[in-house]
Each structure stands twice: as structure tokens, then as C-alpha cells.
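Here's a quick tour built around one annotated residue and the ligand beside it. Have the sequence and the 3D view open as you read.

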Amino acid sequence: MSRVSTASIKDKKLQQEKITMLTSYDYSTAAMVDAAGIDMILVGDSLGNVVLGYENTLAVTMEDMLHHTKAVTRATSRTMVIGDMPFLSYHISVPEAVRNAGRFIKEAGAQAIKLEGGTERIDTVKAILDAQIPVVGHIGLTPQSVNQFGGFKVQGKDLEGARKLIADAKALDEAGVFSIVLECVPNGLAQKITQEVSVPTIGIGAGPYCDGQVLVINDMLGMYKGHIPKFVKKFANLEPLIMEALKGYKEEVEAGIFPAPEHGFTIQDEVLEKLY
Ligand code: KIV
Ligand code: NA
């Protein structure tokens, strides 16, 4: 099967088929997401929270992102892989942003990049698109703006905020992004934005009217013990299962139960005898 393309993602909106996206950060997980038929893998800078143990995404570097994006692309053949541009990799200058976006494609084998922001990032988005790199937009609660927002809050609740997000979405659509992530915006506003733009909206905490959905995989598998946002549904609860396995291992090793004969390799008796 050929790889999911930007054209096939845009087509799904026209066909009114829902689009699926999940994050991944490593080879083993990405291989399962690919095999499950998920349309897109986002190598999110949520890496900072769920893999690297930071409080927010601000400390994540290009090198961190490339390292993990490489692991993910090695595991996939069908899913589209999107590299998430980290804080300060696209804020300093347009040429620097294009160069960093290009590294996701050239060095890490991703098919597209995502960056946060609306009207204020349009020049950057256009320049990256000019370099033939497909772009996913991301508006609403953009975690890299945490210090400006003063925390992680739902965006677009008042008239001014809602109008700003509609304008942002339209500007990204006109610039030529192939989809737009809407994070933590009220369901009704996400529905309005979804109607207003030609490209698919991918929601996270943005309700059922978006063209697609995205979740952080550690959250939806229930293997992350930190703060789990309200909008996450745990499709599995792996953390207790993993804890049970870890305790079982400890107990069996300590009791001499593991490894059993079937877990070992044999040597011929006459060889062994000569060692004594
Ligand atoms: O980094 C990330 O995981 C994201 C998604 C939540 C959209 O940006
Ligand atoms: Na992100």
C-alpha cells in the first residue's frame, strides 16, 4: 500500500471521511501505529512532556526532534510522518525556519512539518511551502505560547478570541497548509472553523465536528502517570498492566523462577566437561 499523501488527507474531507492522527516518538510504537492504519503520525514536541520529562515543550530542541523523527520514519511505510517544529526553530527568521523545516525532510525522512501559530506565522508558512515542504497548521491552545497565555487554557471562548481563531484558520488555509490542528477550542467554534476552511481540521480537545482527531499516544494508551487533560479518552489503561509485569519480573528473578530451562541455551556435555 502506498503512503498516505497530503492529497489523500484533503480528499478525506471532501468524502466526509474522518481522519486519524496519533503521536509517536519511537520505532516500536510507530510500527504499531503504522500497522493499525492510522493516517498520520505526528512526532510531537509533546516529546518534551511524555518522553523527556520536562514540564512543558519549550526546552525541546531540533536535535531532540530529529533524533525521534528518524526512529519513527524507520518504522513506517504507510502512515504519513509529520515532524513538529520545536520552540525557537521557526521564530528567529524565515530562512532559519525553512532550513529547520527542511531538516525534518532531508535528515529525518518526514513527509511534512507542523508549526504553531496563525496570522503571525503566515510568511514563515509560505516560505516553507515554497520549499516544497507540506505544512500542518496548529492554532488554539498552542503550548509553545504557555508563557504568553499564562497557562494552558481553552482558547477562543470570547467573541474577539473566536474571531481571531477563525481569521487564523482562514489565513493558514489561504497560505496552503494541508490541514490545521485545533487544540482546546470550544466544540461550536471548531465546527464553525471546520466549515470555513477548505482543508481538514484535526481536533484535540475540539469536539466531534472536526474532520479528524489527534491524541498523544501515551495519554490514550493510559501509560502516562502525569496530568491527563479532560479531553483525553483512555482507549487502554496500560500503566497498571506494565506495573504488574515489572513486579512479576522482580519477584520471579528474586525467587529464582526466571529464567526457566526453556529460556536458556545448551552446551554439549563433552564440551562442558573439558571446562572443569
Ligand atoms: O506535540 C504534540 O503532541 C501536538 C499535538 C497535541 C497536536 O502538538
Ligand atoms: Na506540539
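## Where E183 sits

E183 belongs to strand β6, which covers residues 179–183; strands here are DSSP runs of E with at least two residues, helices are runs of H or I with at least four, and both are numbered from the N terminus. This is a predicted model, so local features need pLDDT of at least 70 and side-chain atom pairs count only at pLDDT 80 or more, while totals for chains, interfaces and linings use all residues. Residues are numbered from 1 along each chain as its sequence is written, and chains are lettered from A and ligands numbered from 1 in the order in which they are written.

The unreviewed UniProt entry puts the feature "active site" at E183. UniProt positions follow the numbering used here, feature names are shortened, and annotations may be inferred rather than shown by experiment.

## What surrounds E183

E183 counts as buried because 23 other C-beta atoms lie within 10 Å (buried takes 20 or more, exposed is 12 or fewer, partly exposed is in between, with C-beta atoms placed from the backbone). Beyond neighbours within four places in sequence, E183 contacts H138, G140, L141, T142, I204, G205 and A206; a contact means backbone-placed C-beta atoms within 7 Å.

## Around ligand 1

E183 also turns up around ligand 1, along with T23, L42, G44, D45, S46, D84, V181, I204, V214 and V216 (C-beta, placed from the backbone, within 6 Å of the ligand). That shell splits into five nonpolar, three polar and three charged residues. Ala, Val, Leu, Ile, Met, Phe, Trp, Tyr, Cys and Pro count as nonpolar, Asp, Glu, Lys and Arg as charged, and the others, Gly among them, as polar.

## The whole chain

The protein chain has 12 helices and eight strands, and 41% of its 276 residues count as buried.

Key: Contact = placed C-beta atoms within 7 Å.
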